[in-house]
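Student: Please take a close look at one part of this structure with me. I would like to understand how the pieces of one chain meet.

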Amino acid sequence: MLSRVAETIYWMNRYIERAENYARFMDVNFNLSLELSPDLEEQWKPLVVTSGDWDLYKSLNKKIDKSKAIHFLGFDIRNPNSMHNCIVNARENARAIRPEITREVWEQINYLYYFVKDGVKKKMWERVDPRNFFIEIKKGCQLLYGILDSTISKTEAWHFGKMGQMIERADKTSRVLDVKYHMLLPTPEAIGSPLDLVHWSALLKSVSAYDMYRKAYGKLTPPTITEFLIFDLNFPRSMRSCLVAAEQSLQAISFNETLSTNRAIKQLGILKSQLEYAEINDVFSTGLHEYLDDFQLKLNSVSQEIYNVYFSKENILNDNHFITN
Amino acid sequence: MRNTLNKISFSAYETKGFHDEMIGENGVVRPHYQLFRERLIKMGWKKLKNLQHSTDRAQLSLGMTFNVYSDNEGVERILHLDIIPRIISGKDWDSLEKGLVQRIIALNLFIDDIYNDQKILKDKIVPKELVYSSATFLNQCVGLKPPEKVWCHITGSDIIRDNDGRFYVLEDNLRCPSGVSYMLENREILKRTFPELFEKLKVRTVYNYPHILRDMLESLTPKQEASIAVLTPGMYNSAYFEHAYLAQQLGAELVEGRDLVVKNDFVYMITTKGLKKIDVIYKRIDDDFIDPSVFRKDSYLGTPGLFNAYRKGNVVLANAPGTGVADDKAIYPYVPKIIKYYLGEEALLPNVNTYICAEDSDLKYVVENIHHLVVKQTDASGGYGMLIGPKSTKEEQKKFIRKIKSNPRNYIAQPMINLSRVPTLTDKGIEGRHVDLRPYALYGKEIKIVPGALTRVALKKGSIVVNSSQGGGSKDTWVLDN
């Protein structure tokens, strides 16, 4: 397939996954804020920090509160990663590769687009309770995943999309886990306190992991929650399962290629093995925050290699490989 | 017509001074509109409004948008679809079709002659200065012989009906005619709106247009399993929706100039697996922009080397570069003579009477009568660069006369035509609005025209400008079996 088209599909899926995650983060954090005393303004800062856009936030806003944070993460057109911008970008990408997707996919993306535009018009961030809006976005994205899986042939295009989605999801789960690092507890003794557990269960809900975690482990303890979100092989949003799925798609794409020279496969394989052979104690001895930071950096370089191998026009022209059929 | 009542009646429907496509003289409903009118009356106003509303929503969710030029933000707009169809009787259509086929064959012979033997110029049927001064005459195409000598594979002529009810050709669009996606999508929507009428009225189908288009494109190359691409300027082009739509319907790759590379005079796409050869390109970029090494150097839309690959016969371009010379507005008045010259026949479809400002006597007439003429710039389209005499101020007329006199070659003028009207849904009820008609002809081994068209409608009361960029909408066009 056209390399420009492959890249556009890859990013379309990343944007949608990002939008869904942001919607869920805001929904869950809003819920959490109802259970905690309202003067905790620190409540929203960790979320913005882990999104990676805290510096941008500070340059745009003097202080942080619920409505400002929701505006920034959800609707601010000046924030390139806001939910609104992700959906707009996803639709732009979908438009650019319209012949690759089905009418159903296009209609659903279009629906999300008009829905989020409407949310901006209605100033959702000023609402007393904007949760239904986020839930609708989340469901809209999930419906889209279903439509993508059930109407698109599992050819290269689908796999590029899936790979994008899985890389984005792995990144987002790692960031959510990192939120806990930034959510300061009042005293060291508060570890394991009811407040601490409220945080941890909110964190699980942020990645839709609460129910499945409970089934797997029952009791809420920080090490098992961390283990679940990083290493669990069965839970679809754990960092490891995301990489497994991304690798499957990359293998489908690179079928028949000489693998030893494909740096994208190599980088992804190395990162996945790291998760396969590591244990939770390794994570804590490195330090959770440092471990996740390192993971995110390596994931970025996987993404960079995918670009180099499949999307970079210069590289493809240099290769000078002609397809004959 | 009153909104407050649910009843639809046509007692106040105004037809005076125009050819109305539904109601003829003495208020008699034309036979091919009878059943539809009964259906409307039975349906009632509320239901009709509801149907229009769900049509608006369907269009939005399908993303049937076009981008408006000269808007900084590249605003997307919907081409409003009025749900009341424009109905054409089978008999009228069949004679229109014959006329179009004749015209397109002659125009292709003309283009081929202009770029090769130039007999028609030597015989002084068409003044050669007119051809050479045309911005759409491409020197680079001289001596080229496209497959089957067909230059213009896809035509979308603008047809109108005057007060006398006859069809006239207003413009030949021989370069990149657009709008066919609306013909197809409008039909899909209307099939949901009036399902029972399609059956009862025996509306002819347009469904197979993409198949015919694909067959036509494949017929242009001897290669089995040709690789076909639609070349678009990209998603910010006003017709991008259509380019994407057609690529999908054709099962062709949608490419931009930057997706292509020319090596050893063959054209390749840049893919994730390497470089893949292309055999046929359905070109939706203006000729000027396809290859910066031959045409406009500032073009970012094209691919260097593309024209040379075409010249060597290694890739087919449809339409062929250079077709624009035959749809220059200054050539248009000569089309009846062109038909006569090549085919020895009288034109079946008349032209609109046209004054050529490059000719002294016509120029004098135009200057003296500008207040009841429509003046058009020969190298402009889309409703831009024109003056509608009867609707302009004295100031505007004076300004235009100055422009004409400084470059007469660049202008033609036509009497103001009372485009026919079709009932249309408005805030005040059902009123007549002016329409034109754009059927699509495909020319490979032979000419095929699907029985349907894009009907453009001027939504503003009294307006005769139907262009989408100027507030026009569209209608589904029903060609009946008989």
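Tutor: In this predicted model, five residue pairs are in polar contact across the interface of domain 1 of chain B and domain 2 of chain B. On the side of domain 1 of chain B that touches domain 2 of chain B, six residues are nonpolar, two are polar and three are charged. The rule also finds two salt bridges across this interface. Take the pair B:D328 and B:R409. They form a salt bridge, and their closest N and O atoms are 3.1 Å apart.

Now place the two domains. Domain 1 of chain B covers 92-183 + 207-343, and domain 2 of chain B covers 355-415. In the contact, domain 1 of chain B supplies 11 residues and domain 2 of chain B supplies 10 residues. The C-alpha centres of these domains lie 29 Å apart. Together they bury about 900 Å², with 53% of that on carbon and sulfur atoms.

Chain B also meets chain A. Here 32 residues of chain B are in contact with 34 residues of chain A. The two chains bury about 3100 Å² between them, 50% of it on carbon and sulfur atoms. Three residues of chain B stand out: B:I270, B:T272 and B:K273 supply 22% of the area that chain B buries against chain A, more than any other three residues. Between the chains there are three salt bridges. A:R4 forms a salt bridge with B:D259, with the closest N and O atoms 2.5 Å apart. The chains also share 19 residue pairs in polar contact. On the side of chain B that touches chain A, 14 residues are nonpolar, eight are polar and 10 are charged.

How values were computed. Residues are numbered from 1 along each chain as its sequence is written. Chains are lettered from A and ligands numbered from 1 in the order in which they are written. This is a predicted model: local features need pLDDT of at least 70, side-chain atom pairs count only at pLDDT 80 or more; totals for chains, interfaces and linings use all residues. Side-chain values use heavy atoms; hydrogens and water are left out. Domain bounds come from an automatic or database domain assignment. Contact means heavy atoms within 4.5 Å. Buried area is the accessible area (1.4 Å probe) that two parts lose on being put together, summed over both. A salt bridge is a side-chain nitrogen of Lys or Arg within 4 Å of a carboxyl oxygen of Asp or Glu. A polar contact is a pair of N or O atoms within 3.5 Å; within protein, one must be able to donate a hydrogen and the other to accept it, and residues adjacent in sequence count only if both atoms are side-chain atoms. Ala, Val, Leu, Ile, Met, Phe, Trp, Tyr, Cys and Pro count as nonpolar, Asp, Glu, Lys and Arg as charged, and the others, Gly among them, as polar.
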